[in-house]
Amino acid sequence: MGVAEILSHIDHEIAQLQQARALLGGSAAAKVKRVAAPAAKKIRKKKRNLTPEGRRRIAEAVKRRWAEQKKAAASK
């Protein structure tokens with residue numbers, strides 16, 4: 001979760017708690033008033049880039065896995 005998402009979640013919870021407090025306060029005006037939750041902003045996630053070294057390690061791991069599966073299938 002990003003910082004903006006956490007803050008949005010906290011603001012939403014605060015709004016709900018304020019509404020609950022107003023309802024429990026007993027005031028007729030407080031019962032009618034609704035606290036609107038803040039609008040959630042769309043947050044773009046950072047694009048993650050693989051380094052050539054990372055790609056090479058993943059390719060080697062996949063090849064090892066395929067080799068193990070092929071070896072297991074041949075021994076059956």
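## Salt bridges and a nonpolar patch

E53 and R57 sit four residues apart in helix α3, so about one helical turn separates them. Their side chains form a salt bridge, with the closest N and O atoms 3.8 Å apart. The model is predicted.

**The charged network**

How many salt bridges does a search of the whole structure find? The search finds three. The bridge between E53 and R57 is one of them. Another joins R56 to E53, at 2.7 Å from N to O. R56 also meets E60 in a salt bridge, again with an N to O distance of 2.7 Å.

Together, these contacts link E53, R56, R57 and E60 in a network. E53 takes part through R57 and through R56. R56 in turn reaches E60.

R56 and E53 both lie in helix α3, which covers residues 52-75. They are three residues apart, about one turn of the helix. R56 and E60 are four residues apart in helix α3, so they too are separated by about one helical turn.

| Salt bridge | N to O distance |
|---|---|
| E53 and R57 | 3.8 Å |
| R56 and E53 | 2.7 Å |
| R56 and E60 | 2.7 Å |

Are these side chains buried, exposed or in between? R56 has a relative accessible area of 41%, so it counts as partly exposed. E53 is partly exposed because its relative accessibility is 38%. E60 has a relative accessible area of 35% and is therefore partly exposed.

**The nonpolar patch**

Which residues make the nonpolar surface patch? They are V3, I6, L7, I10 and I14. The patch has an area of about 440 Å².

I10 is one of its members. I10 lies in helix α1, which spans residues 3-25. Its relative accessibility is 39%, so I10 counts as partly exposed. A residue needs over 30% relative accessible area to be part of a patch.

**In brief**

Note on methods. Residues numbered from 1 in each chain as written. Predicted model: local features only at pLDDT ≥ 70, side-chain atom pairs only at ≥ 80, totals over all residues. Heavy atoms only, no water. Patch = residues over 30% accessible without salt bridge, like charges linked within 9 Å, V, L, I, M, F, W, Y side chains within 5 Å. Areas by Shrake-Rupley, 256 points an atom, 1.4 Å probe, with all protein chains shown as cover. Salt bridge = Lys/Arg side-chain N within 4 Å of Asp/Glu carboxyl O. Helix = DSSP H or I, 4+ residues; strand = E, 2+ residues; numbered from the N terminus. Buried < 20%, exposed > 50% of the residue type's maximum accessible area, 1.4 Å probe, protein only.
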